[in-house]
Amino acid sequence: MLPAPIRAQLRAIVGEKHCLDSQEALVAYSYDATPMQQALPDAVVMPGSTAEVQEVMRLCASARIPVVTRGAGSNLCGGTIPLGGGIVLVLNRMNQIVEIDEQNLTITVQPGVRTVDIHQAVEARGLFYPPDPGSMVISTIGGNIALNSGGLRGLKYGTTKDYVLGLEAVLPSGEMIRTGGKLMKDVAGYDLTKLLVGSEGTLAIITEAILKLIPKPQTQRVMLAMYADMAQAAKSVSDIIANRIIPGTLEFLDQGTIRVVEEFKKIGLPTDVAAILLIGQDGDPLTVDQDMDKIATICQKNAAVQIKVATTAEEADEVMTARRSALAALSRMRPTTILEDATVPRAAIAPMVAAIQEIASRYGLQICTFGHAGDGNLHPTCMTDARNTEEIERVEHAFEEIFAAAIELGGTITGEHGVGIVKAPYLEWKAGAAGMEVMKGIKQAFDPNHLLNPGKMFAKESRQRVVVQRA
């Protein structure tokens, strides 16, 4: 519970209706999209401007009150859970597109703008903002930047960090800084823009962003390639890239995911195949047609049992929507759905999927895998029940082994969801002891009193690295 004078000052800063401390409000902001993670804040504060964010932070800094920044709450690593109480700072009121600059090909936005609204605004002008996280219909750009979100177009176009040119951010002290700008080149000092992207709200509060835009592709085509053998699907991915073709989208669904998605969306996916690749290409019509023909040939050489090309824009959109609905479809299976994002080099996709299947079988769990095959970012998803403590313990052990397998194959514990609470015990497996000390030093320099998103990224104790068992 915050002292009455603090509550009064917060209400004076943001207005009575934008400072909430009823039990209902505290419960509503005690969790995000991460299963089995919850903690009550002491207050929910909704600033409407950078100046208000600064005032709130000055007050919290003086009173040593923790602050957790939040957007749409679609986080999947517990990154917006207020572990130590304090304030949940909700930035959804700051939801304006400040400017679309067609001369410099940039868009300037506040953090509460939904990702899909950015897409629609710029595409209406013949421009393109490529990052497209699966949650883009609800996620906000501030959250995308904080987590360095990826998406289906990451292989060809990169992730959020590749499009953030400049930031306005409020430090834990309440001071405001600006980094970067509408520049293609800038090597004046450390690259603070890139440092803040992906920092998960632990270093500063992003209050405005300048994003790079590119011309909108003239056309897009989509195909599905079905395989009886997982290894052949994975080899197709490697061969497509080896032939110097970079698809706009190169997605993967295993058999378990295919069956659930087809039951959910009913778009005619064959449920008896081992894997499906969803392959899209965009650009000028001639190049797109040539690339799709080459890709079809590569898939055929790798024993694809069927290749289906979308013949209309509506059909292509239906297929892409079905892929984006994979998590929603899987969530219908059991009371609790745990979605992870272990990432490996493209060449290691087949052994990684095999490892996931072996681990799931050994622990007696239902784990389906889908993801971004083009960049090696796989989403092993476990359908379980949080009320079954014995099963949840098996789930935890299984995911520990999945993370360890990813690292053994040259990968990482997270490709786009972030570290937050869930991955914090495993971060040292990837970063090493020296790397952890460097990151802790950066945190100390920005936030010496550890007010911003405390308890995230840096676990009290790192887990001992597990040895992956092999059947």
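G174 is buried, with a relative accessible area of 0%. The structure is a predicted model. G174 sits in the loop between strand 8 and strand 9 (176–180). Leaving aside residues up to four places away in sequence, G174 touches Q54, M57 and R58. L20 lies 154 residues from G174 in sequence, and their C-alpha atoms are 21 Å apart in space.

| Strands | Bridges | A bridge partner pair |
|---|---|---|
| Strand 13 (residues 249–254) and strand 14 (residues 275–283) | six bridges | L253 and I276 |
| Strand 5 (residues 97–101) and strand 6 (residues 106–109) | four bridges | I100 and I107 |

Strand 5 and strand 6 form a hairpin with four residues between the strands. In this hairpin, L105 takes a positive phi near 55°.

**Helix packing**

Two packed helices are described by the angle between their axes and the distance between the axes. For helix 8 (residues 230–242) and helix 13 (residues 349–362), the axes come within 8 Å and cross at roughly 145°. Helix 8 contributes M230, A231, A234 and V237 to the contact. Helix 13 contributes I349, A350, V353 and Q357. By class, this contact has seven nonpolar residues, one polar residue and no charged residues.

**Nonpolar cores**

In soluble globular proteins, nonpolar side chains tend to be buried together. Here the largest nonpolar core has 60 residues. Those with the most contacts inside this core are F252, L277, I279, I295, M352 and I402. Helix 14 (residues 389–408) supplies the largest share of this core, nine residues. A second, separate core has 26 residues, including F128, L167, V197 and A209.

What does L277 touch, not counting residues up to four places away in sequence? The partners of L277 are M223, L224, A225, Y227, A233, S236, V237, E251 and F252.

**Aromatic pairs**

The count comes to five aromatic pairs. Y129 lies in the loop between strand 7 (127–128) and helix 5 (141–147). Y163 lies in the loop between helix 6 (154–157) and strand 8 (164–170). The pair therefore ties together parts that are 34 residues apart in sequence. Y129 and Y163 are buried.

An aromatic cluster is formed by F399, F403, Y426 and W429.

Conventions: Residues are numbered from 1 along each chain as its sequence is written. This is a predicted model: local features need pLDDT of at least 70, side-chain atom pairs count only at pLDDT 80 or more; totals for chains, interfaces and linings use all residues. Side-chain values use heavy atoms; hydrogens and water are left out. A nonpolar core is a set of buried Ala, Val, Leu, Ile, Met, Phe, Trp, Tyr and Cys residues joined through side-chain atoms within 4.5 Å. Buried means under 20% relative accessible area, exposed over 50%, partly exposed in between (1.4 Å probe, protein chains only). Helices (H or I, at least four residues) and strands (E, at least two) are DSSP runs, numbered from the N terminus. Contact means heavy atoms within 4.5 Å. Two strands pair if DSSP finds at least two bridges between them. Axes are lines fitted to C-alpha atoms, for helices over the stretch in contact, and angles run from 0 to 180 degrees between N-to-C directions. Ala, Val, Leu, Ile, Met, Phe, Trp, Tyr, Cys and Pro count as nonpolar, Asp, Glu, Lys and Arg as charged, and the others, Gly among them, as polar. Rings of Phe, Tyr and Trp (its six-membered ring) pair if their centres lie within 6.5 Å; planes under 30 degrees apart count as stacked, over 60 as edge-to-face and the rest as tilted.
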